[in-house]
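Reader: I've got a protein model to get to know, and I'm new to this. Can we go through it together?

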Amino acid sequence: MKLEYHHDLFGHLELHQVTGKIIKELNQESLRTGFLAFTRKAFALLPGIDNPHILDIGCGSGMVTLELAALSQGRIIGIDIDKQALDKLNVKIKNHGLSDRVQAVHKSLFKTRFPDDTFDLAWDEGTLHLLATGKSAREINRLLKPGGFLVMNETIDWLNRHLKKFEQYGFIRRDQVVLPEKLWWTHYYTPLQKTILELEHQQPGSVDLKKLKPLKREIEMVKRDPGKFDCAFFILEKIG
Ligand SMILES: C[S@@+](CC[C@H](N)C(=O)[O-])C[C@H]1O[C@@H](n2cnc3c(N)ncnc32)[C@H](O)[C@@H]1O
């Protein structure tokens, strides 16, 4: 499969060339780049490790994976079960000349078969809440070196409800970064809603409207109770 990226004038659409056919998609990542400031803030709270070995759990198309590569001189492995997203990440890895230290692996967290104690750092942005917590905590503990760190960016509600499970599997919370209240609503979903409206009215037919339906449902869900989606980074150390 051949994949190429081009951005339209507004930066909200991306064009992929998939086996000769041009496909237009909404570029959601372009609306999220400001959130990387919090990724950097959380990373800065970790003890410095030379050339850390980092696992990005559920890396998707790799916006955070590439940020981790920029923040460290380490080796980063992004894993995900979404092959299409990984194809996009692979294009970025190549374009950024990062093939020697960033790798996209098409594997579930539970099926990586990486040896015990492989990673210094495991990074999660929005993936672990989708998975069984005990099973994830046990597997991440196995994959991390003693004294390794797990950083999770999830809703505060989810983090508070699930922290105990991570403690049961040998983790202790060392620090946190709390994102401003309703940030997702004001800085992601509101512009996203505006972009979708613009696309529908100013560039009809530019994107597959069917694909926008779940996104519109998501926007309505967040709009009903934006505070419920307030997020934080919890920084956990493996102590047992
Ligand atoms: C909300 S997205 C977050 C993507 C990325 N971390 C980011 O911040 O852009 C959650 C990702 O988790 C992936 N995922 C779901 N189950 C997974 C599993 N068992 N192992 C690895 N990744 C998984 C999904 O395919 C999706 O790409």
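Predicted model: local features only at pLDDT ≥ 70, side-chain atom pairs only at ≥ 80, totals over all residues.

Reader: How many helices and strands does the protein chain have?
Author: Helices (H or I, at least four residues) and strands (E, at least two) are DSSP runs, numbered from the N terminus. Going by that, the protein chain has nine strands and seven helices.

Reader: What share of the 240 residues in the protein chain is buried?
Author: Buried means under 20% relative accessible area, exposed means over 50%, and partly exposed is in between (1.4 Å probe, protein chains only). Of the 240 residues in the protein chain, the buried share is 50%.

Reader: Which residues are closest to the ligand?
Author: A residue counts as near a molecule or strand if one of its heavy atoms lies within 4 Å of it. Here 16 residues surround the ligand, and the closest are Arg32, Gly58, Asp80, Leu109 and Glu125.

Reader: How many residues of the shell around the ligand are nonpolar, polar and charged?
Author: Ala, Val, Leu, Ile, Met, Phe, Trp, Tyr, Cys and Pro count as nonpolar, Asp, Glu, Lys and Arg as charged, and the others, Gly among them, as polar. With that sorting, the shell around the ligand has six nonpolar, five polar and five charged residues.

Reader: How far is a nitrogen atom of the ligand from a backbone N or O atom of Glu125?
Author: A polar contact is a pair of N or O atoms within 3.5 Å; within protein, one must be able to donate a hydrogen and the other to accept it, and residues adjacent in sequence count only if both atoms are side-chain atoms. The side chain of Ser108 has an N or O atom 3.1 Å from a ligand nitrogen, and for a backbone N or O atom of Leu109 the distance is 3.0 Å. For Glu125, a backbone N or O atom sits at 2.9 Å.

Reader: What percentage of the ligand does the protein bury?
Author: Accessible areas come from the Shrake-Rupley method with a 1.4 Å probe, and for residues only the protein chains shown count as cover. Taken alone, the ligand exposes 600 Å², and the part buried by the protein is 79%.

Reader: Is Ser136 buried or exposed?
Author: Ser136 is found in helix α4, residues 133–143. Leaving aside neighbours within four places in sequence, Ser136 is in contact (heavy atoms within 4.5 Å) with Leu109, Phe110, Leu128 and Leu131. Its relative accessibility is 1%, so Ser136 counts as buried.

Reader: Which residue forms a salt bridge with Arg40?
Author: A salt bridge is a side-chain nitrogen of Lys or Arg within 4 Å of a carboxyl oxygen of Asp or Glu. The closest N and O atoms are 2.9 Å apart, and the partner is Glu67.

Reader: Where do Asp87 and Lys83 lie?
Author: Asp87 and Lys83 form a salt bridge, with the closest N and O atoms 2.9 Å apart. They are four residues apart, about one turn of the helix, and both lie in helix α3.

Conventions. Residues numbered from 1 in each chain as written. Heavy atoms only, no water.
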